[in-house]
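Here's a quick walk through one model, with a couple of loop residues picked out along the way. Have a look at the structure first.

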Amino acid sequence: MFDFLNRAKSVAPVTEIKASATGRVIAMQGAGRVAWSPRDVVSLTRAGFTGNPIGFRAVKLIAEAAAALPVVLQDAERRYDTHPVQTLLARPNGGQGRAELLEALFGQILLTGNGYLEAVADDALPVEMHVLRSDRMAVVPGADGWPAAYEYNVNGRKHRFAVAEGLSPICHIKSFHPQDDHYGFSALQAAASAIDVHNAASRWSKALLDNAARPSGAIVYRGADGQASLSADQYDRLLSEMETQHQGARNAGRPMLLEGGLDWKPMGFSPSDMEFQKTKEAAAREIAVAFGVPPMLLGIPGDATYANYQEANRAFYRLTILPLASRVMSAIADWLSDFSGERIELRPDLDQISALSAERDAQWRRVSEAAFLTDGEKRTLLGLPALEVGDGQ
């Protein structure tokens, strides 16, 4: 009996699981929390992209330029001329090419701070990739704080993408957010106040045009026949006549016929009116700065940060386009590597960017003239693989 009670029981070995020490704390936030507060992403996109020419042009300029960058694919030993990943990127799905898919992905990141790519695959390399709308996606954290699933909601119908062990059907690319663990922070959020000012200034300008392109004057009632003020009927008739006969571009210059006791006092531009246009231009520059676009490239007057257009364009590529494209391409390469089982690298081909041709020529000249470097070291400095390009090498 003693031996039976003290006999060791067969217990399955416990596998050690490594996880972040803060993971369980992060998971307490709850699933699918919306990151946009106090503005929702739909309203912010409507005001800052579809309803604002500066925001629209800034997003289009960045997304189109980043999507048009030539991309090279290589591993630790060689650069590939043909590869299944290159074939996938060239035609990611039946309705989009590489430029269309990447432009949509970059646009989602710029507008919402989050980009989502869906892989149509089992375990091998995906046969298709699709960009999903960020405003419809919600991250579902697991017990360890990392995403356990993604939920895509369209008109009340939800589709759940489960994250398997080390393999996710969704590639989530997010911008840095200092106060959120699962969602990114967009340039549109940072520029929200400037967008409100710019849109308000545009509405003010439109109202000014509707009133014959000049500030409204004042109709002064002199109190004829001892009457201290207009009656309600007189006031309504006067207001209706002003709106129908003397407002709008088609009524500009039409003479005004005033009855007894009424006098028109025109008003000129006040100093505050003259400063209003400068306020609008300052708001436009703030929007451009938030997105990382030199105001000169957007045609915003009063900006002399760069000496010429070429210098502004070079800074635009160096400071905005290349960091964004490099980060997104690196995330896609790591995600696709999990499917294919081989580690690959995707990055923009700096040698084929015309805006950086002057910098490229200077770098190649410095490296080629460095006699103390071997050919392999020179290739490493230029970002080239150790071996020459070509099949069988």
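## Two loop residues and the overall picture

Asparagine 155 counts as exposed, because its relative accessibility of 76% is over the 50% cut-off. Keep in mind that this is a predicted model. You'll find asparagine 155 in the loop that links strand E5 (147-154) to strand E6 (157-162). Its backbone is worth a look too: phi of asparagine 155 is near 55°, a positive value in a residue other than glycine. Most residues other than glycine have a negative phi.

Now for a leucine in another loop. Is leucine 373 buried or exposed? Leucine 373 is buried, since its relative accessible area of 19% is under the 20% cut-off. Leucine 373 is found between helix H12 (357-368) and helix H13 (375-381). Setting aside neighbours within four places in sequence, leucine 373 is in contact with Lys378 and Leu381.

Here are the two side by side:

| Residue | Relative accessible area | Class |
|---|---|---|
| Asparagine 155 | 76% | exposed |
| Leucine 373 | 19% | buried |

Zooming out, the chain has 13 helices and ten strands. Of its 393 residues, 38% are buried. As for contacts between residues at least 6 apart in sequence, 64% join residues at least 24 apart. And the surface? The chain exposes about 23,200 Å², with carbon and sulfur atoms supplying 54% of that area.

Conventions. Residues numbered from 1 in each chain as written. Predicted model: local features only at pLDDT ≥ 70, side-chain atom pairs only at ≥ 80, totals over all residues. Heavy atoms only, no water. Helix = DSSP H or I, 4+ residues; strand = E, 2+ residues; numbered from the N terminus. Buried < 20%, exposed > 50% of the residue type's maximum accessible area, 1.4 Å probe, protein only. Contact = heavy atoms within 4.5 Å. Areas by Shrake-Rupley, 256 points an atom, 1.4 Å probe, with all protein chains shown as cover.
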